[in-house]
Amino acid sequence: MSEIESVEDFRARARAWLAENIPRIGPDHRGRSFVRPDDEELAEVAEERRIQRLLFDGGFAGICFPKEYGGQGLAREYAEAFDQELAGYSFPERLQVPNMTPCATVILEFGTEEQKRTHLPKILRGEELWMQFLSEPGSGSDVAGAKLSAVRDGDDWVLNGSKIWTTGAWWSDWGLCLARTNWDVPKHRGLTVFMVPIHQAGIEISRIEMLDGSNEFCQEYLTDVRVPDTDRIGGIDDGWTVGTRWLLHERSFSSSPYALHPTGSNAYGSAQGDPAGNLLTLLESAGRVDDPAAREDVGRAYTLQVATSELDRRLHALILSGKGSDQLAAVGRLMHGVAGAQLATIAFELAGQSAIAGDVDDDVLGDLGMRYLLRQAGSIGGGTTEIARNVISERVLGMPRELALDRNVPYREVRTAPSGGSSGARR
Ligand SMILES: Cc1cc2nc3c(=O)[nH]c(=O)nc-3n(C[C@H](O)[C@H](O)[C@H](O)COP(=O)(O)OP(=O)(O)OC[C@H]3O[C@@H](n4cnc5c(N)ncnc54)[C@H](O)[C@@H]3O)c2cc1C
């Protein structure tokens, strides 16, 4: 394809290709908030890998990834056009976050040439699915307090410890793992990042059952897992250099100019709450079109959506022009977390009792109850909104840093709670 193909020509080509190759979302499509049996979920993952492969073969995978690693090497406008055309089609939702970003994005930024050539094409073909091994039982917000240890042994490292809250580890292939390699320096200076195959003898995966009945989240126990030094990403003890970019990508997947790598414009909004457009249908099916309070709620939802997308636009412009710090991504992260919870609440209240007692297979009401139960997840995953507020106050507004008793102290000497928690924050 010509390198000077215009965005509109690209859009037309994408439109025709999608119509011919990709299945439309069917009436039985269920959002990810539905709890489903394992075999059904595995079949969906396999189908998403198949569609990802179709995208790859059709020349539409990794639109903003460099060509030498299997991508299309195109600018963000092309990715945006493709996402617009993708509306209504099945797309590999599970293969986007955290697989494409932050994981593939971190490999792209910090991997060696060999690591990039080995893994990125496989990720773009749907052959490798990556998850984040970041949070630990004692360090979620305080992610730099990681205790999973990696000890050098010849050409290998030996990893021992536990990670937790890994979304979908049981159906994924690789973990991007933040480990402690040095206990004699302050916590941010003794970390290293490794690439770890998830399904191997030394890793026990335990699934966590949540309030909504799902068991997507996993805890992994690593015992003497050997990782070759060639699978280290970034410098030894310099994992925080990788980690800060990693967290920035994680924080900003739904709202920053760096979120170039996921495909599917509605993927993340739909996980956080119904788009306001659907609320009109909801209003009709609940028989509340003439109810002033309900109409006001729909107006509120529209306002939230417009404010969120306008804020995103402004943040993108500030960051891309260099007029604003990339830490402004925390503002978008905060807005998406707060707005997502509010939208889910509005939809739930509009539906009234049908949201609880309605048929889960109902197109309109189906998963509103579940989304309401999950509404806080968008304020926690990707780093909490409280941490986003800290980042905004300290790094954007320049307010004094919060007290951290473990700063400049060798991590070995830091007193921690029995669960392993210590002071500090995910930044
Ligand atoms: C949907 C979802 C997906 C996730 N996926 C993954 C994944 O794939 N991989 C992974 O590694 N993790 C994942 N997580 C875990 C997530 O990153 C952590 O839950 C999150 O960082 C918070 O850590 P924590 O649960 O340990 O809470 P804690 O850090 O214990 O925090 C508890 C509360 O205290 C607040 N708090 C903590 N420190 C401060 C501070 N300094 N200032 C102000 N408030 C503070 C927090 O905001 C929070 O409200 C996921 C979580 C969710 C909800």
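Predicted model: local features only at pLDDT ≥ 70, side-chain atom pairs only at ≥ 80, totals over all residues.
Colour by secondary structure next. The protein chain holds 13 helices and 8 strands.

Now show the surface. The accessible surface of the protein chain is about 19,200 Å², and carbon and sulfur atoms account for 53% of it. Switch to contacts between residues at least 6 apart in sequence. Of these, 74% join residues at least 24 apart.

Select the ligand. Where does it lie? Domain 2 (130-239) and domain 3 (249-396) both give residues to the shell around the ligand, so the ligand lies between them. Colour the two domains separately to follow this.

Next, select the shell. There are 21 residues around the ligand, and Ser135, Ser141, Trp165, Thr384 and Glu386 come nearest. By type, the shell divides into 10 polar, 8 nonpolar and 3 charged residues.

Zoom in on the polar atoms.

- Asn390: a polar side-chain atom sits 2.8 Å from a nitrogen atom of the ligand.
- Leu134: a polar backbone atom is 3.1 Å from an oxygen atom of the ligand.
- Gly140: a backbone N or O atom lies 3.4 Å from an oxygen atom of the ligand.

How much of the ligand does the protein bury? Taken alone, the ligand exposes 970 Å², and the protein buries 69% of that.

Finish with the elements. Strand E3 (156-167) and helix H13 (385-396) are the ones that give two or more residues to the shell around the ligand.

Methods
Residues numbered from 1 in each chain as written. Heavy atoms only, no water. Helix = DSSP H or I, 4+ residues; strand = E, 2+ residues; numbered from the N terminus. Contact = heavy atoms within 4.5 Å. Areas by Shrake-Rupley, 256 points an atom, 1.4 Å probe, with all protein chains shown as cover. Near = heavy atom within 4 Å. Polar contact = N/O pair within 3.5 Å; in protein donor to acceptor, adjacent residues only side chain to side chain. Nonpolar A, V, L, I, M, F, W, Y, C, P; charged D, E, K, R; others polar. Domains from an automatic or database assignment.
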